[in-house]
Amino acid sequence: MSILTQKTLSNKISFEGIGVHTGCKVKMDILPASPNTGIIFKIIEVEMIGYVMVGTNNLDAAINFYDEVLEVIGLSRNETIEDDYAAYGKKGTKEIEFYVTKPFNKKEASVGNGSQVSFLVNSRLDVDKFHEIGLKAGGKSEGSGGERPAGSGVYYSYIRDLDGNKICTFTNNK
């Protein structure tokens, strides 16, 4: 019977490329590990989501709603096509991360069962403020700020927009 001794890398190895399934830029580092512990993989950067789009039956009301609530998390409207859509991105950029739109097929917009749009924010204060402004702007609460599950350290709140789309903000920060 022979005993195998595990070997590990002595130097970091980095890979960059385009994800096969996503087509997005990916960077991965393989780091040296302590003896007999294996290789530790750490993904450094993954740009997976291009943008998120939700439907509306009342674009003007949806614009008013999202102008208020997205301001809280640093997004502002940077493009509007009348009677079609509004686009939001980080303040001071032309990048678009979020759209609210009338459906392309001209049928009534409906919410996706089990669908949710989640925004990562910097603080619990931002989570709570987003929830507060969302309710003041006419949204409905689906759960105010709190750790889920309890003790996890991840802090979430949920609202429904004027069309019933479920929108979440969350943070890993205390």
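Guide: Gladly! One thing to keep in mind is that this is a predicted model. Let's start with F98, which, leaving aside its neighbours within four places in sequence, is in contact with V52, V54, Y66, L70, A86, A87, Y88, V117 and F119.

Visitor: Which residues have the most contacts inside the largest nonpolar core?

Guide: They are Y66, L70, Y88, F98, V100 and F119, in a core of 24 residues. Six elements each supply at least two residues: α1 (59-72), β6 (85-90), β7 (98-101), β8 (117-120), α2 (124-136) and β10 (155-160). The top contributor is α1, with 7 residues.

Visitor: Why are β4 and β5 called edges of their sheet?

Guide: The sheet is open, its 4 strands follow the order β4-β7-β6-β5, and the pairing is mixed. β4 (52-55) and β5 (75-81) each have a single partner strand, so one side of each has no neighbour in the sheet. On average, neighbouring strands here are turned by 20 degrees against each other, direction ignored.

Visitor: How do you know that β5 and β6 pair?

Guide: Two strands pair if there are at least two bridges between them. β5 and β6 are joined by 6 bridges, so they pass that test, and they run antiparallel. S76, for instance, stands opposite G89 in β6. The helix α1 packs on this sheet, touching β4, β5, β6 and β7, and its direction makes about 10 degrees with that of β6.

Visitor: Why is D83 called exposed?

Guide: Exposed means over 50% relative accessible area. D83 has 54%, so the word applies. D83 sits in the loop between β5 and β6.

Visitor: And what makes K106 exposed?

Guide: The relative accessible area of K106 is 75%, and the cut-off is over 50%, so K106 is exposed too. Its place is the loop between β7 and β8.

Visitor: Where is the cis peptide bond?

Guide: That bond runs from R148 to P149, with omega near -10 degrees. P149 lies in the loop between β9 (140-147) and β10.

Terms used: Residues numbered from 1 in each chain as written. Predicted model: local features only at pLDDT ≥ 70, side-chain atom pairs only at ≥ 80, totals over all residues. Heavy atoms only, no water. Core = buried A, V, L, I, M, F, W, Y, C linked by side-chain atoms within 4.5 Å. Buried < 20%, exposed > 50% of the residue type's maximum accessible area, 1.4 Å probe, protein only. Contact = heavy atoms within 4.5 Å. Axes fitted to C-alpha atoms, helices over the stretch in contact; angles between N-to-C directions.
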